[in-house]
Amino acid sequence: MSRKKLVSMMLISLFIIFALTLTGQAQEGEKETLTVAQVADITTLDPQKANDIYSANVMTQIYNKLVKMDKEMNIVGDLAKSWENPDDNTWIFNLKEGIKFHNGQDFTAEDVKFTIERLKDPSTASPGKWLVEKITEVEVVDDYTIKLITNEPFAPLLSNLARYEMFILNKEAVEKYGENYADNPVGTGPFMFEEHIYGDKVILSKFEDYYKGPSDIEEIVYRAIPEDATRVIEIESGGIDIMYNMPVQELDRLGDAKNLNVIETLGQSTLYMGFNFKVEPFDNKKVRQALNYAVDKKGIIDAVFYGKANPSYGPLSPSIWGFDKTLEPAYPYNPEKAKKLLEEAGYPDGLEITAFTDPRTTRKNVTELVQAYLSQIGVKVDIQTMEWSRFLSETASGINGMFILGWTGTGDADGGLYPRFHSSNMNSSNRHNWATDELDTLLEKGRTTVNTKERKEIYKEAQRYIIEEASDIFIAVTENIAVATNNIKGFELYPSNINPLYNVKIEK
Amino acid sequence: MSRYIIKRLLYLIPVLFGVSIIIFGIIHLAPGDPAQVMLGPRASEQDIIQLREELGLNESLPVQYFTYIKNAVQGDFGNSIQTGRPVFEEIKSRFPATLKLSVLGMVLAIVIGFPLGVIAALNQDTWIDKLSSFLALVGFSIPNFWAGLMLMLLFASIFPILPSSGYGSWKNLVLPSLALAIQTIAVIARMTRSSMLEIIRKDYIKTAKAKGISAKLVLVRHIIRNALIPVVTIAGLYFGHSLGGVVVTETVFSYPGIGRLLVSAIRSQDYPVVQTGVLVFAAGVGVVNLIVDIIYGYLDPRIKAQYRAIKENDQEKLDMIGNESSIDKKMKEEGEDVDAK
């Protein structure tokens, strides 16, 4: 082979590479495009298959639900105009008229019936099936009236219906696309699905026939940028307009940037170090209380969350419906009291316990600080790190120690308490291995009492009971933090961190 | 030649089988349960058992492996546990991105690294050589995620001329492929330098010079060509190494390739995607090794002659080439470059 041939071969291969790089090149249009960065790519746009907040954020632009939660966590109508309870087991929803799906069809009660029945169907295998478990019958009264019947009075129904798994589907589209539905979603929301470039981005375009009128924004691009540092550089250099999950350690620096706004809101989830009541010494209430007093939550919040979190008030975040507003932060730091309680409990010389965490940095850091605080009252903590899915299954079957976990729930006290503390959830979401008749009764009453005032009282009692029993070391309620460039107006963060963008405007 | 290539491609099949068994073993031995990850903290025991059943995870490992292979041979690699889409689709949609990145990274490494090595060798022990050694040491020591972040800071934030992340235009490729190439540039530069220095001292170079061949021609035809052989070997080996770098680089630059797909699949125990993704990487390394062997043939006629002899079934010739080392030695002793006839 001659040198010429070698050179020409190299040239050809170079050319091919060059051509390859050009083919993917996108045309940059003049459109009003809003670019939003999330931490991960969406997994699906079929709401009944989704189990992650990133997919939920995209779907909330594409779909509507029967009812939704506003920023203050009040339930308001979305596709439903109004609703009533002729009796405690019956819910009648009057639907808004003249709403169109992206495929041009009218939205009717049939679509609601189809959505709920598909969710209930075991062959759908939806992670959201539990939301509609209590619904036994869905009856289409007329095109714009639907009746839901539950097997017992079920007060949290509305907040369940406001979850993202409850987005209303278009029957024809779901049946038409079958297995490929997730790549061809059809909803009634202000934005239509355009394209999903796997691993990279999702593109949505404005839906002209949206029932509240078309949005100001022509196009939304959701980009997946997993690396914190990369997201920060992108927003600084103007590559994106809005970023979620602001890394707190960068806040000081970014907060000073003139062209950026930092938006914060109290989140829905609580972070706690839960006890397994079946394991010694956690079966002793005084020990549980002592461990609580021994940990300085504020110290943890400053060190790990750079101050961007609140100390826990108990098992629920203040943004959850049913939170007892008269509560103070639970178990303020008091090492003296902790030592005394430990002595009373019969451990004057301290004790040795195990704490379990998954490998996420934040959780590990919090666990290490808990370890440090507890060592000051003579409690030696052995930390064990466990991969996430194993952590979940082992804590569910009862882990040999205490475990760090966050709980988001539904936005309603029932979703924050019933799965964690009711006896029927032993061996699954009741990781404390703890249930008492008293608490069971309260949680059941909370579910079946439709009168909201009475319900609030019930949950008040339940929260106080749980705090007194010290089910966890109550640590923190975290904040949702986003950053937007200055020209983005009308952007709001929701406690659920699922944020509609319909009202956002881009200022020139 | 084409027969040789086909044969080599067929050899890849048992290799891939081996890889598939190893990776299958590793991911199933690792703790964790995809059903639990999918259903989250609220899941009941019963739901998890049911989902495991549906995913076929309750079968014994050999049965699972056999099912996987049986379907894979028919082109069905299963569905992603995370997204429910066919794994083949997931990989296919990301493959071009990774191909572009890794090939461009390699081209950059050769195009930059090789001349650097040549210049260093020709200026041995001068400040140029020392500077290039120093830079190569630094380049080799920089982890590529850090190199990526620094490049991003420099060219996207301080001097905003390139996008810091994403995919679509050629601009998106510049920084990641450079970040990926830095270590390989250093290795290739060092390798070229030492290989050149070794050859410059060879007697046949003296002979060539003595014959009155111009210095330029000696450099191009005698030194560089012979120096290329070990460099090609290293480049081939480093291609495999840089596929590991692809995983990191893609994550740092939010680049939608197979590397990033693998990272998220491993996190959520998405067995089918991990298995198939690793297989694709393994096949990539295999193909690159084949390409390296073919390039050898062009660089070193002795090796090509070997193929030919095999093809023509010329036993005598084969024996002769088989004794290559002695012929080679003799030729070299005589001060004759094998290539300079």
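## Chain B overall

Chain B has 15 helices and zero strands, where helices (H or I, at least four residues) and strands (E, at least two) are DSSP runs numbered from the N terminus. This is a predicted model, in which local features need pLDDT of at least 70, side-chain atom pairs count only at pLDDT 80 or more, and totals for chains, interfaces and linings use all residues. Residues are numbered from 1 along each chain as its sequence is written, with chains lettered from A and ligands numbered from 1 in the order in which they are written.

Of the 341 residues in chain B, 39% are buried, meaning that 20 or more other C-beta atoms, placed from the backbone, lie within 10 Å of the residue's own. Among contacts (C-beta atoms within 7 Å) between residues of chain B at least 6 apart in sequence, 71% join residues at least 24 apart.

## Helices H6 and H8 of chain B

H6(B), residues 127-141, packs against H8(B), residues 171-200, at an angle of about 140 degrees, and their axes are 8 Å apart. The two helices are therefore oblique to each other, a class left over once angles under 35 degrees (roughly parallel), over 145 (roughly antiparallel) and 65 to 115 (roughly perpendicular) are set aside.

H6(B) contributes B:Ser132, B:Ala136, B:Gly139 and B:Phe140 to the contact, while residues from H8(B) include B:Ile182, B:Gln183 and B:Arg190.

## Domains of chain A

Chain A is assigned domain 1 (33-41 + 182-265 + 480-506), domain 2 (63-177) and domain 3 (268-479). The C-alpha centres of domains 2 and 3 of chain A lie 34 Å apart, and each of these two domains gives 13 residues to their contact.

Terms used. Axes fitted to C-alpha atoms, helices over the stretch in contact; angles between N-to-C directions. Domains from an automatic or database assignment. Buried ≥ 20, exposed ≤ 12 C-beta atoms within 10 Å, placed from the backbone.
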